[in-house]
Structure formats: C-alpha cells, structure tokens
Amino acid sequence: MKQMLIISAVLASIFSATFFLINITGILSLSDITLWLTVASEIHSGYLILLVIGLLILDLFIAVPTMSVCILSGYFLGALAGGISAAIGMLLTGLIGYVISYFSGERLLRKIYRNPQNIQDMQQVFIAHSSVLILLCRALPILPELVICLAGINKMPLLKFSALYSLATLPYAFITAFAGSQSSLNDPKPAILAAITVSLILWYCWFLFLRNYRIKNNIF
C-alpha cells in the first residue's frame, strides 16, 4: 500500500496544481462554464452536447467541476440527453486516460521508483483492490483521474476496467443530470439536494472501505 500512496500522491499533486493554477488565474471558473453552456444552448443543442463532452474530457488534464457540468447538462439538455452527454464525456475520459497511462505510465513509474520490486508491490496492491477503487472513484475530487491512470499503468484488462468504470459512471451521470433537469434559477433545490446526497453516499462508502482496509491490515 505504501507504493500505491506514493504514486497516488504524485498524480494527485499534478491534478491539484492545475486546480490551484486555474483558480488563481481565473482561466476557467464555474461561471465561465455556465456562460459557455448558455451561449451554446442558444446556438444549437449539438454544440451544447459537444461542449459538455469536451469539458468532461478536459477534466483529465485540468481540474473541471465534473458534478456541476453534469448537473448543468441536465438543466440545459434535459434528463435523458443531458445524462447521455455527461456519460459519453466521462466514459471517453476514462478510455483516453487509460490508453495514455497504459502506454506511457511505465516511464512515470521508472522515474518514481528505481527498484523494480516496488513497482511489482504496487501492482499487486492495486490488483487486490482495483474493483472497489474504481467503483468508488466518484467519491472524491481527483480520485477518478487517479484510478484511471493507475488502471492503465497496472495494465488492467480493458474490458474489466470499462465494465467497472461504467458501473461507477453511468448512475452518477444520469442522477446528476436528472437533478439538473428538475432545477431552475428560481428553484435550484433539486440540484443541491442531489449533489449533497450523492456525495454523502459515496463518501460513506469510501469511509467504510478505508476502515475495513485498516482493520484487515492492522493499521490504526
């Protein structure tokens, strides 16, 4: 697990750096995203769908408020079209990140670890807990990107990764899009309640996973 924590910390620092940079410079804010989606919706729904998908793919490289984009996709496109658009965007993000990490991840590992045994230990830990990690990847910010990269780096079978990542992503996309479709500027309560409920459920599941891991491995 120590090796997993090291690689996770390195990847997290990369994603976190983009988050702070974007917030400091004001290059991409939630108000900007909302404005872009509003303009796209006034032009053509096709542009709006492409923008939603593009923003979610962009999240692989810089920090984008994924839940907010999903909720807004439902608000502008409706529950079904918004959910499909959000799902496509997040699934493509997973596939692109997996492929990049699959072919380039080894170079990153060799820079972090000089001892091949450390790489082997990390791979064994990830394989042992990969299913749970992927299914709960929406529990925390940056965690989806970390899990995607780790799956590619550790050569997880694409079919298995796709199935688990889809199980974690599809309900999330459609629930948040539905909440957005039921919301309005005058009544944002459905979106707020959905965001809180989904986050709390995922956080609690993540807490249970960590607690069980500590108990099984006598970590206190």
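At what angle do the axes of helix 3 and helix 4 cross? Some notes on that and on the rest of the model follow.

1. Ground rules. This is a predicted model, with local features needing pLDDT of at least 70, side-chain atom pairs counting only at pLDDT 80 or more, and totals for chains, interfaces and linings using all residues. Residues are numbered from 1 along each chain as its sequence is written, and side-chain values use heavy atoms, with hydrogens and water left out.

2. Overall make-up. The chain has nine helices and zero strands, and its elements run α-α-α-α-α-α-α-α-α from the N terminus on. Helices here are DSSP runs (H or I, at least four residues), strands are E runs of at least two, and both are numbered from the N terminus. Of the 220 residues in the chain, 41% are buried. Buried means under 20% relative accessible area, exposed means over 50%, and partly exposed is in between (1.4 Å probe, protein chains only). Among contacts in the chain with a separation of 6 or more, 78% come from residues 24 or more positions apart; a contact is heavy atoms within 4.5 Å.

3. Helix 3 against helix 4. Back to the opening question: the axes of helix 3 (residues 45–58) and helix 4 (residues 66–77) cross at roughly 170° and come within 10 Å. That makes helix 3 roughly antiparallel to helix 4. Axes are lines fitted to C-alpha atoms, for helices over the stretch in contact, with angles from 0 to 180 degrees between N-to-C directions. Under 35 degrees counts as roughly parallel, over 145 as roughly antiparallel, 65 to 115 as roughly perpendicular, and the rest as oblique. On the helix 3 side you'll find Ser 45, Leu 48, Ile 49, Val 52, Leu 55 and Leu 56, which meet Thr 66, Val 69, Cys 70, Ser 73, Phe 76 and Leu 77 in helix 4. By class, that contact has nine nonpolar, three polar and no charged residues. The classes are: Ala, Val, Leu, Ile, Met, Phe, Trp, Tyr, Cys and Pro nonpolar; Asp, Glu, Lys and Arg charged; the others, Gly among them, polar.

4. Helix 2 against helix 3. Helix 2 (residues 30–43) packs on helix 3 at an angle of about 155°, with the axes 7 Å apart. The two are therefore roughly antiparallel to each other. Ile 33, Trp 36, Leu 37, Ala 40, Ser 41 and Ile 43 of helix 2 meet Tyr 47, Leu 48, Leu 51, Val 52 and Leu 55 of helix 3. This contact divides into 10 nonpolar, one polar and no charged residues.

5. Ser 73. Worth a click: Ser 73 lies in helix 4 and counts as buried, at 1% relative accessibility. Its side chain reaches the backbone oxygen of Gly 82 at 3.2 Å. Leaving aside neighbours within four places in sequence, Ser 73 is in contact with Val 52, Gly 78, Gly 82, Ala 86 and Ala 177.

6. Aromatics. The structure holds six aromatic pairs. Rings of Phe, Tyr and Trp (its six-membered ring) pair if their centres lie within 6.5 Å; planes under 30 degrees apart count as stacked, over 60 as edge-to-face and the rest as tilted. One of the pairs is Tyr 75 with Phe 76, edge-to-face at 4.9 Å centre to centre and 80° between the planes. Tyr 75 is partly exposed at 35%, and Phe 76 is partly exposed at 22%. Another edge-to-face pair is Tyr 102 with Phe 103, at 5.2 Å centre to centre and 65° between the planes. Tyr 102 is partly exposed at 30%, whereas Phe 103 is exposed at 64%. Tyr 98, Tyr 102, Phe 103, Phe 161 and Tyr 165 form one aromatic cluster.

7. Helix 7 and what follows. Helix 7 is mostly covered, with 11 of its 11 residues buried; among them are Glu 145, Cys 149 and Gly 152. Just after helix 7, Lys 155 takes a positive phi of about 60°, and Lys 155 is a residue other than glycine. Lys 155 sits in the loop between helix 7 (143–153) and helix 8 (158–181) and is partly exposed at 32% relative accessibility.

8. Cys 205. Cys 205 is found in helix 9 (residues 189–216) and is partly exposed, with a relative accessible area of 30%. The C-alpha atoms of Cys 205 and Leu 135 are separated by 10.0 Å, with the two 70 residues apart along the chain.

Terms used:
Polar contact = N/O pair within 3.5 Å; in protein donor to acceptor, adjacent residues only side chain to side chain.
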